[in-house]
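Have the model open while you read.

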Amino acid sequence: MPQPTPDLPVPDLTGKLAVVTGASDGVGLGLATRLAGAGAEVVMPVRNPRKGEAALAKIREQHPGAEVSLRDLDLSSLASVAAVADRLTEEGRPIHILVNNAGVMTPPDRQTTEDGFELQFGTNHLGHFALVARLLPLLRAGRARVTSQISIAADQHAINWDDLQWERKYQGNHAYSQSKIAFGLFGLELDRRSRDGGWGITSNLSHPGVTPTNLLAARPEVGRGHDTTMVRFIRALSSRGILFGKVESALLPALYAATSPDADGGRLYGPSGFRHLSGPPAEQKLYSRLRGEDDARRIWKVSEELTGVPFPS
């Protein structure tokens, strides 16, 4: 029997500045809408200005008084990351909430970023790593909550330490899992370093379960000309409220992780339903691949070297 879509109360965010990557559609747009509706000023760094303007219009239609604005950001370009960080730094406003939500999933053939990294590793992990590093003063000033969106794929496969860029044998699903494992390790290590260094930042993880967003839909820019069979299957069941979530429910774990006074740093939040595919948000046991602190320190060091963007020692 179909289950009703769960909901979540959000505290008053008036006076807070929230930054949400990947907010031009899907879960990111839903998150930006909910944050704006709770009174936050929301900055939406987007790759596609046309989609961004359409997203702004949707938010303002629901919340006519919302303070929402766009910034240009392509996470697959370290130069673009630096540019948006420089602009936000020049604006000088402390950031109170950062949701690292944007991502790319399983191009059928290996692709690379502007800087030569495998596309998923470079976008999902390294782009966000560099963004957080460059925004660190603003995050510290706002005593920010940083929520990084991973995936149930982070409970599969492993980091390919001997070939991080998948140059020898590309496997899309494995490379996607690697990007989300690395990103999760980073989010947890950020919380540890913040506590040890007195940065004042709280960092946690979320995942949306499984929902029919554009990650698996037709995306010519990543070499996928048609919707995958999987996304069509997910859409069919999701529309009937069976097994898989909808955008309205899939955004709730990140919303909870980013705003709830009960959400802690160093934790993972996801759907609480069957196999964590959908349902109300709840804390979940950390995936085994995210528990190694040595791995977290290793990916941190490698990421600083690859991006050329260091954090304070």
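Asp264 comes out as partly exposed, with a relative accessibility of 35%; the label covers what lies between buried (under 20% relative accessible area) and exposed (over 50%), using a 1.4 Å probe and protein chains only. Its partner Arg267 is partly exposed too, at 31%, and the two side chains meet in a salt bridge with an N to O distance of 3.8 Å. Here a salt bridge is a side-chain nitrogen of Lys or Arg within 4 Å of a carboxyl oxygen of Asp or Glu.

Some housekeeping: this is a predicted model, where local features need pLDDT of at least 70 and side-chain atom pairs count only at pLDDT 80 or more, while totals for chains, interfaces and linings use all residues. Residues are numbered from 1 along each chain as its sequence is written, and side-chain values use heavy atoms, with hydrogens and water left out.

How many salt bridges does the rule give? The count is 14. Side chains of opposite charge can pair when their charged atoms come close.

| Pair | N to O distance | Relative accessible area |
|---|---|---|
| Arg87 and Glu91 | 3.2 Å | Arg87 42%, Glu91 29% |
| Asp191 and Arg195 | 3.0 Å | Asp191 4%, Arg195 56% |
| Arg267 and Asp264 | 3.8 Å | Arg267 31%, Asp264 35% |

Asp191 and Arg195 sit four residues apart in helix H5 (residues 172–197), about one turn of the helix. Helices are DSSP runs of H or I with at least four residues, numbered from the N terminus. Asp191 is buried, whereas Arg195 is exposed.

Arg87 and Glu91 are likewise about one helical turn apart, being four residues apart in helix H3 (residues 78–91). Both belong to a salt-bridge network that also takes in Glu41, Arg71 and Arg93.

Now for the helix contact. How do H1 and H8 lie to each other? The axes of H1 (residues 26–37) and H8 (residues 252–259) come within 10 Å and cross at roughly 45°; axes are lines fitted to C-alpha atoms over the stretch in contact, with angles from 0 to 180 degrees between N-to-C directions. In contact (heavy atoms within 4.5 Å) are Leu31, Arg34 and Leu35 of H1 with Leu252, Ala254, Leu255 and Thr259 of H8.

How values were computed
Helices (H or I, at least four residues) and strands (E, at least two) are DSSP runs, numbered from the N terminus.
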